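Morning, everyone. Please bring the model up on your screens, and I'll walk you through it.

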Amino acid sequence: MKLIFLGPPGAGKGTQAQRIEQAFDIRQLSTGDMLRAAVAAETQVGKQAKDIMARGDLVPDAVVVGIISDRIDEADCANGFILDGFPRNVAQAEALDEMLVTKNIVLDGVIELAVDAEVLIGRILKRAAESEGGPREDDTEEALQHRLRVYEEQTAPVAEFYASKGILNTLDGMQDMDEVTRQIQAVLKEI
Ligand code: ADP
């Protein structure tokens, strides 16, 4: 099964993707996690991405498109994957379309978690305070406000892009986490 999870920072995408990864034996591919690993390892990509990520902007499309293209070619993705944090703008969604055609892969569905913007800041600042490795560099209130704005301006149109293809499923991400998981599984049974 090949899926995309969409939703603003703090919507619970990562948690839900991890649950579905285990239930369906498919890989969660988080571009945010991959980029943070590149920053920590001080690779070329990491050096390029570090400051951009810290302020909550998007790293260049070519970088993330290249990362995802290489990653889905790996053997552990043969059974399927969940793209978490990608595509994040319409140009990335178009690049993904082309890439999947070339690789002969068909997307099964897109799950969008809808959340009230006001609760997100509180959720993320709480998560940042509780996180074991210490807060992320982009979990300051300022960077967070910026990430939410970038989401509204650049990522929200990606939902429209998939709605027009008839593969968008929007769920209420404000519900209890187990209920959200249950609803995602119900959607996946239908596709
Ligand atoms: P969140 O959803 O909490 O904002 P992520 O871990 O998905 O966080 O992403 C963190 C940061 O990594 C983003 O703010 C951005 O700088 C960078 N990033 C992740 N995915 C992409 C992408 N597809 N395109 C461009 N930048 C990305």
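One term before we start: a residue is called exposed when its relative accessible area is over 50%, buried when it is under 20%, and partly exposed in between. Keep in mind that this is a predicted model.

Let's begin with helix α6, residues 117-130. Look at the face turned away from its buried side. There you find the exposed residues Glu118, Lys126, Ala129 and Glu130. Now the buried residues. They are Leu120, Ile121, Ile124 and Ala128. Look down the helix axis, and these buried residues fall within an arc of 95 degrees, so they line one face of α6. What do they pack against? The buried residues of α6 pack against α7. At 1.5 Å a residue, the 14 residues of α6 should span 20 Å, and the end C-alpha atoms are 21 Å apart, which agrees.

Next, helix α5. This one covers residues 90-103.

Now the two ends of α5. At the start, a side-chain oxygen of asparagine 89 reaches to within 3.3 Å of the backbone nitrogen of alanine 91. After the helix comes asparagine 104. Its phi is positive, about 60 degrees, although asparagine 104 is not a glycine. You'll find asparagine 104 in the loop between α5 and β4 (109-114). Is asparagine 104 buried or exposed? At 71% relative accessibility, asparagine 104 counts as exposed.

There is another positive phi to look at. Aspartate 25, also a residue other than glycine, has a phi near 50 degrees. Aspartate 25 sits in the loop between α1 (13-24) and β2 (27-30). At 46% relative accessibility, aspartate 25 counts as partly exposed.

Now move to the loop between β3 and α5, where proline 87 is found. Look at the peptide bond between phenylalanine 86 and proline 87. That bond is cis, with omega about -5 degrees.

From there, step back into strand β3, to aspartate 84. At 7% relative accessibility, aspartate 84 counts as buried. What is aspartate 84 in contact with, leaving aside neighbours within four places in sequence? Its contacts are Phe5, Lys13, Gly14, Ala17, Gln28, Leu29, Ser30 and Thr31.

On to the ligand. There are 19 residues around the ligand, and Thr31, Asp57, Gly85, Gln92 and Arg147 come nearest.

Which polar side chains reach the ligand? Take three of them in turn. A polar side-chain atom of arginine 36 lies 2.9 Å from an oxygen atom of the ligand. For arginine 88, an N or O atom in the side chain is 3.1 Å from a nitrogen atom of the ligand. For lysine 13, an N or O atom in the side chain is 3.3 Å from an oxygen atom of the ligand. How much of the ligand does the protein cover? On its own, the ligand has 550 Å² of accessible area, and the protein covers 96% of that.

Last stop, arginine 55. This residue belongs to helix α3, residues 44-55. At 45% relative accessibility, arginine 55 counts as partly exposed. Leaving aside neighbours within four places in sequence, arginine 55 is in contact with Ala143 and His146. Arginine 55 and arginine 147 are 92 residues apart along the chain, and their C-alpha atoms are separated by 8.1 Å. Arginine 147 is also among the residues that come nearest to the ligand.

That's my tour. Over to you.

Conventions
Residues numbered from 1 in each chain as written. Predicted model: local features only at pLDDT ≥ 70, side-chain atom pairs only at ≥ 80, totals over all residues. Heavy atoms only, no water. Helix = DSSP H or I, 4+ residues; strand = E, 2+ residues; numbered from the N terminus. Expected span 1.5 Å × (residues − 1). Polar contact = N/O pair within 3.5 Å; in protein donor to acceptor, adjacent residues only side chain to side chain. Near = heavy atom within 4 Å. Areas by Shrake-Rupley, 256 points an atom, 1.4 Å probe, with all protein chains shown as cover. Buried < 20%, exposed > 50% of the residue type's maximum accessible area, 1.4 Å probe, protein only. Contact = heavy atoms within 4.5 Å. Arc of directions from axis to C-beta.
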